[in-house]
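Subject: Structure handover

Hello,

Here is the structure I promised to pass on. Please open it first, then read my notes below.

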Amino acid sequence: MRLQDQQLARQLMRLRSDINKLKIEQTCHLHQRMLNDATYELEERDELADLFCDLPLVSSFSLSAPLKLIGVTKMNINSRRFSLC
């Protein structure tokens with residue numbers, strides 16, 4: 001009976017570890033997608049600025065709404081404090 005308890009405890013600990021790894025991977029993928037979106041948006045603005053030189057200057061480091069919602073700031077991206085895993 002004690003042996004079964006130990007085996008069950010090991011199995012539950014492995015499952016917990018696997019779940020935590022999956023959560024971390026999912027979060028990293030989500031952050032990577034959001035950073036890719038922000039980068040694409042900045043590149044698109046730069047391309048449009050090249051085409052339309054007479055448009056008012058827009059800060060090239062302004063962030064998209066989803067990044068602002070999770071607390072990513074200009075300082076985070078500029079100083080590379082935001083982790084990509």
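Start with R45 and E41. R45 forms a salt bridge with E41. Their closest N and O atoms are 2.9 Å apart. Please keep in mind that this is a predicted model. A search of the whole structure finds one salt bridge.

Where do the two partners lie? R45 and E41 both sit in helix α1. They are four residues apart, about one turn of the helix. Side chains of opposite charge can pair when their charged atoms come close.

Are these two residues buried or exposed? R45 counts as partly exposed, because its relative accessibility of 30% falls between the cut-offs of 20% and 50%. E41 is partly exposed as well, with a relative accessible area of 22%.

Next, the charged surface. Which residues form the negative patch? E43, E44, D46, E47 and D50 form it. One of them, E47, is found in helix α1, which covers residues 2-51. E47 has a relative accessible area of 53%. That value is over 50%, so E47 counts as exposed.

There is a nonpolar patch too. L8, L12 and L15 make it. Its area is about 280 Å². L15 lies in helix α1. At 44% relative accessibility, L15 counts as partly exposed. Patch residues need over 30% relative accessible area, so L15 qualifies on that point.

Now the chain as a whole. How many helices and strands does it have? The protein chain has three helices and zero strands. From the N terminus on, the order of elements is α-α-α.

How much of the chain is buried? Of its 85 residues, 12% count as buried. The protein chain exposes about 7,600 Å². Carbon and sulfur atoms supply 59% of that area.

To look at it yourself, begin with helix α1. The salt bridge between R45 and E41 is there. E47 of the negative patch is in helix α1.

Best wishes

Notes: Residues are numbered from 1 along each chain as its sequence is written. This is a predicted model: local features need pLDDT of at least 70, side-chain atom pairs count only at pLDDT 80 or more; totals for chains, interfaces and linings use all residues. Side-chain values use heavy atoms; hydrogens and water are left out. Helices (H or I, at least four residues) and strands (E, at least two) are DSSP runs, numbered from the N terminus. Buried means under 20% relative accessible area, exposed over 50%, partly exposed in between (1.4 Å probe, protein chains only). Accessible areas come from the Shrake-Rupley method with a 1.4 Å probe; for residues, only the protein chains shown count as cover. Patches are made of residues with over 30% relative accessible area and no salt bridge: like charges are joined within 9 Å, nonpolar side chains (Val, Leu, Ile, Met, Phe, Trp, Tyr) within 5 Å. A salt bridge is a side-chain nitrogen of Lys or Arg within 4 Å of a carboxyl oxygen of Asp or Glu. Lys and Arg count as positive and Asp and Glu as negative; His and the chain ends are not counted. The place of a charge is taken as NZ of Lys, CZ of Arg, CG of Asp or CD of Glu.
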